[in-house]
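Colleague: Walk me through this model, please. I would like to start with the core.

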Amino acid sequence: MSNLAIRQLGPNDERAFRAGLKAWGGEERKWHTFVWTEGMTHEAPLRRLSDDFRGVNLETDRIPHTMLYGFLDGVIVGRCSVRHELNDFLRNFGGHLGYGVAPPFRRKGFGGQLFSAGRLHLKSLGVDRAFMTCGFDNFASRKMIEDAGGIFQDEVVDPSDQSLTRRYWVPL
Ligand SMILES: CC(C)(COP(=O)(O)OP(=O)(O)OC[C@H]1O[C@@H](n2cnc3c(N)ncnc32)[C@H](O)[C@@H]1OP(=O)(O)O)[C@@H](O)C(=O)NCCC(=O)NCCS
């Protein structure tokens with residue numbers, strides 16, 4: 001299995017970032033980025049990510065977070081968003097870590113690597129257990145959480161789309 005270089009986005013990553021976006025095809029842009037929209041320069045999202053990481057200039061209801069991207073030979077294959085703390089939404093439905101691997105790169109172990117890096121980063125911030133959620137039928141995510149020792153809490157209906165969500169605590 002190939003090892004990813006997992007790190008924050010930098011000033012020299014513009015081409016990789018744009019190519020990474022395309023790899024998601026028609027899927028929601030949030031899987032690649034929360035902060036970039038069409039027409040933005042590369043500097044704008046970098047500034048936002050840096051602010052979010054440091055917890056400055058946060059929009060209402062936003063909490064500090066670190067966005068880690070997984071690079072394979074310079075190509076972005078996925079990302080893991082590490083939330084430094086939980087707000088009301090995250091405490092119920094979002095969780096501490098949110099990861100995604102672009103469709104062409106799935107089932108090669110990259111999701112697992114991003115999840116591991118996210119857990120390590122969260123631990124380095126002083127968090128001792130990660131609150132994790134996944135869709136009832138998201139078997140890949142469910143397996144990753146359970147393989148990491150996730151302790152099942154319960155299942156709830158996410159009111160935003162009526163989907164069944166499983167909730168866990170993963171010791172770090
Ligand atoms: C969930 C996701 C990140 C998994 O990424 P991935 O790179 O394919 O995951 P991995 O290759 O590391 O696989 C992790 C485990 O899940 C298993 N798995 C992967 N896809 C699977 C599938 N469709 N059905 C069942 N098991 C699956 C793998 O076999 C592996 O188990 P193993 O370690 O025993 O071999 C990816 O499918 C994705 O981005 N989905 C869309 C976004 C998403 O749902 N994110 C999670 C939100 S909770």
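Colleague: Which residues in the largest nonpolar core touch the most other members?

Modeller: First, the ground rules. This is a predicted model: local features need pLDDT of at least 70, side-chain atom pairs count only at pLDDT 80 or more, and totals for chains, interfaces and linings use all residues. Residues are numbered from 1 along each chain as its sequence is written. A nonpolar core is a set of buried Ala, Val, Leu, Ile, Met, Phe, Trp, Tyr and Cys residues joined through C-beta atoms within 7 Å. Buried means 20 or more other C-beta atoms within 10 Å of a residue's own, with C-beta atoms placed from the backbone. Here the core has 27 residues, and Leu68, Val77, Cys80, Leu97, Leu114 and Met132 touch the most other members.

Colleague: Which element gives the most to this core?

Modeller: Helices (H or I, at least four residues) and strands (E, at least two) are DSSP runs, numbered from the N terminus. α4 gives the most, with 5 residues.

Colleague: What is the strand order in the open sheet?

Modeller: Strands pair if DSSP finds at least two bridges between them. The order is β1-β2-β3-β4, with antiparallel pairing. β1 (5-7) and β4 stand at the edges with a single partner strand each, so one side of each lacks a neighbour in the sheet. β2 and β3 pair over 8 bridges.

Colleague: Which residue stands opposite methionine 67?

Modeller: Serine 81 in β3.

Colleague: Which residues come nearest the ligand?

Modeller: Near means a C-beta atom, placed from the backbone, within 6 Å. Of 18 residues around the ligand, Arg106, Gly111, Gly112, Phe139 and Ala140 come nearest. α5 gives the most to this shell, with 5 residues.

Note on methods:
Buried ≥ 20, exposed ≤ 12 C-beta atoms within 10 Å, placed from the backbone.
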